Amino acid sequence: MANDEQILTEQFQNGNLEFFTDLYNLYVRKIYEFVYFKTHHKQISEDLTSEIFLKALENFKKYSAKKGKFSSWIYGIARNTVIDYYRTKKYEYDIADAWDLSAKDDVGLDIENKERIEKVRRFLNKLTSEQRDIIILRIWSDLPYREIAEIMGKTEANCKMIFSRALAKVRQGGILALLMLLLINLR
Amino acid sequence: MKKETSEKNIKGILDDLYKIDPFLEKYEESVKNAIKELLKSKPDVEIDDKFIMELREKISDKIEELRYQPQKKRAFFWQMFFSQKFAYGFGGILVLILLFGLVFHFINIDKTRVSQIGQETTQTGFKKIALGDNAFGPLKVDNLQAGNTQAVGGSESAQPSNDTGEKTSGTVSITRPASGLGGGGGMSVTGTAPSVMPVCETGDCGTYYPPKYVYVGEEVTLDQNQVEVLRKRNKIEYSGSVSGLLQSFGFGLADINGFEGARIQSVNLVQDKDFGYSIYINFDEGTISIDSYWPKWPHQQTTDCKGEVCVATFEDWPNISQSDVPADEELISIASSFAVSHGIDLSFYGQPEVMKDWISSVPTPMRVGEKIMQPYISDTISIKYPLMIDNKYVYDQSGSKFGLSIVVNIRYKKVSGVYNLYLQDYESSMYNAETDFSRILKIAEKGGIYGYSEGARTIDVEIGTPEQAYAVIWKYNTETQASNMLLIPALVFPITKTADGYNSYITNIVVPLAKDLLEQSNIPTPMPLILEKAQ
């Protein structure tokens with residue numbers, strides 16, 4: 001399969017746009033999932049996923065296999081598209097994705113996932129957008145650090161370091177939450 | 001299984017973390033809990049299949065739209081026979097890989113032979129293997145008709161020489177007087193015979209007047225006594241194992257593997273989508289033809305049926321008028337964009353030309369009763385990409401440039417066919433060249449090697465200073481029952497002036513320089529072509 005993808009991306013890079021449909025088939029669910037992780041909303045995810053793939057197609061000349069894998073490229077477009085989406089929303093504070101919103105402001109949040117998202121919101125919105133994306137890409141999207149590094153435009157070692165610090169924050173947040181729970185129960 | 005995967009994931013994450021930050025190992029339990037918590041909280045993402053399909057459609061439309069935008073010309077080696085998308089599915093990808101492998105195998109084929117004889121590649125993607133002198137046997141053919149037809153040939157044995165390839169290029173050089181060569185190959189038009197016959201003149205109906213070609217060009221000296229003839233290589237053999245692939249082609253009905261030594265000779269692929277294509281690949285000849293896939297293109301619907309006979313009315317399928325025909329630039333853009341987006345390497349070809357010779361044959365609108373009947377104009381128009389070898393054009397015996405044809409459907413402004421696309425892979429062999437220009441001229445003044453210009457009355461047609469080019473000739477081998485394509489250095493004389501009142505469909509006279517071919521006998525009298533009087 002990796003070999004097939006290589007052929008597809010080579011052809012795409014050479015301007016044979018028909019092969020983009022195969023790449024789309026390979027990546028649409030992953031990209032949609034990633035966008036959903038950052039927006040918590042089905043309709044927004046669909047709109048942005050459409051925008052991402054059409055953007056990738058229109059900008060095929062900018063893709064070069066020498067600079068990285070196709071997956072890293074399309075994830076990079078996805079990340080930037082989500083950031084742009086929230087930045088144009090003109091919130092009072094700087095928003096990179098739905099995690100930066102308070103529960104009250106995240107009105108579009110899908111009911112099905114509300115509970116799960118709220119569970120981790122208090123940890124994840126304490127992280128920077130960069131830390132959060134690395135956590136999402138590593139733990140939820142299960143991407144290797146090599147690819148995460150290409151997406152984020154950083155070195156692998158740097159990504160691992162950012163991840164470990166982010167996780168440490170999450171861990172601390174967890175301990176604090178446990179403490180809070182204990183205090184509440186002791187009253 | 002999910003739990004095992006999850007544990008495995010967590011372990012992997014932790015191992016990576018500890019390498020970066022061993023300090024975290026102290027807090028393994030809480031770190032593990034944090035990761036577990038994150039994993040448990042991963043949102044359940046359901047993607048709508050309808051959304052996926054609709055977006056795929058949008059992407060297909062976008063691809064079509066982008067095709068018509070000029071793209072940067074790529075000079076990459078034509079590594080695949082073609083680059084158009086196959087049908088979806090694993091089977092399509094398998095064929096893709098097979099073809100990719102076939103081409104790479106082909107490139108490496110005959111390595112030992114090449115090292116014995118010497119190989120010369122003069123441009124990217126163009127391959128030429130030098131053989132000994134007269135390796136293709138006698139070039140002269142008997143009972144040929146003008147144009148692309150079979151020829152009865154002699155032995156085709158190609159004996160490799162022991163020469164390591166230190167031959168001259170064999171191109172004929174034309175030395176000119178100080179004034180220099182003038183003129184050049186004119187516009188080529190399609191035509192099927194070198195002779196012209198006027199329509200009935202008053203009192204002279206049905207009389208045939210052959211043309212008499214009169215040379216008005218400059219003096220030319222031929223100073224090479226050998227020319228390099230090229231023969232297109234056939235029989236591209238893939239010796240790799242395809243047993244696994246063939247087995248799946250058997251549908252379980254037969255054991256394809258049982259057919260020992262079976263090889264793929266040709267493949268036909270179709271696109272099951274609107275305006276899809278049918279792609280025919282012939283491995284024996286190294287050719288690809290692309291056609292519109294009939295079931296997926298709109299066709300004339302017939303409504304006026306009487307029994308089994310149906311006739312399409314004008315309302316069903318409006319005629320195309322001359323004003324519907326796009327400008328040349330647009331037609332060329334459609335054709336070239338298609339070529340570029342499908343990886344068709346255009347670097348072997350010269351500037352494209354729109355073949356509009358049919359326009360002169362379209363009658364003007366006619367009044368029939370109260371109706372104005374528009375002339376019939378074909379839905380399709382050809383764009384010719386003339387083949388160039390060593391910066392020289394290739395002409396067929398009717399004087400038209402030979403090359404790649406991309407057909408555009410005017411009604412839908414889409415490419416509906418690509419023809420004469422083949423691997424630029426040749427063998428070459430040196431043959432004796434004619435050095436007496438006067439002899440060449442005699443043949444040119446007759447209308448070429450198939451020309452005939454005798455008669456009580458002739459029509460004067462002037463021809464100018466020739467250009468160096470190649471002539472394409474097909475030679476049939478009765479033993480192998482296959483035709484071989486030969487490219488022979490030639491002089492091409494442009495027609496510069498015709499007799500008053502008559503149009504000629506021929507604009508060039510082609511005379512090959514290989515002496516062997518000029519000595520051929522039994523040149524048939526070609527059928528005269530009825531011309532229309534110029535308006």
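This is a predicted model: local features need pLDDT of at least 70, side-chain atom pairs count only at pLDDT 80 or more; totals for chains, interfaces and linings use all residues.

Me: Let's start with helix α4 of chain A. How far apart are its end C-alpha atoms?
Reply: They are 26 Å apart. Helix α4 of chain A covers residues 70–87, which is 18 residues, and at 1.5 Å a residue it should span 26 Å, so the two values agree.

Me: OK, switching to chain B. What's the strand order in the open sheet of seven strands?
Reply: The order is β8-β9-β10-β20-β19-β16-β13, with antiparallel pairing. The edge strands are β8 (266–270) and β13 (353–354) of chain B, and each one pairs on one side only.

Me: Which helix packs on that sheet?
Reply: Helix α7 of chain B, residues 328–341. The strands touched by α7 include β9, β10 and β16 of chain B, and its direction makes about 70 degrees with that of β16(B).

Me: Back to the strands: how many bridges link β10 and β20 of chain B?
Reply: Four bridges, in the antiparallel sense. Within this pair, Thr287(B) stands opposite Tyr422(B) in β20(B).

Me: Now the two chains. How many residues does each give to the contact?
Reply: Chain B gives 52 residues and chain A gives 53. The area buried between them is about 5,000 Å², with 68% of that from carbon and sulfur atoms.

Me: How many salt bridges cross that interface?
Reply: Three. There is a salt bridge between the side chains of Asp49(B) and Arg29(A), at 3.2 Å from N to O.

Terms used: Residues are numbered from 1 along each chain as its sequence is written. Chains are lettered from A and ligands numbered from 1 in the order in which they are written. Side-chain values use heavy atoms; hydrogens and water are left out. Helices (H or I, at least four residues) and strands (E, at least two) are DSSP runs, numbered from the N terminus. The expected span of a helix is 1.5 Å times one less than its number of residues. Two strands pair if DSSP finds at least two bridges between them. Contact means heavy atoms within 4.5 Å. Axes are lines fitted to C-alpha atoms, for helices over the stretch in contact, and angles run from 0 to 180 degrees between N-to-C directions. Buried area is the accessible area (1.4 Å probe) that two parts lose on being put together, summed over both. A salt bridge is a side-chain nitrogen of Lys or Arg within 4 Å of a carboxyl oxygen of Asp or Glu.
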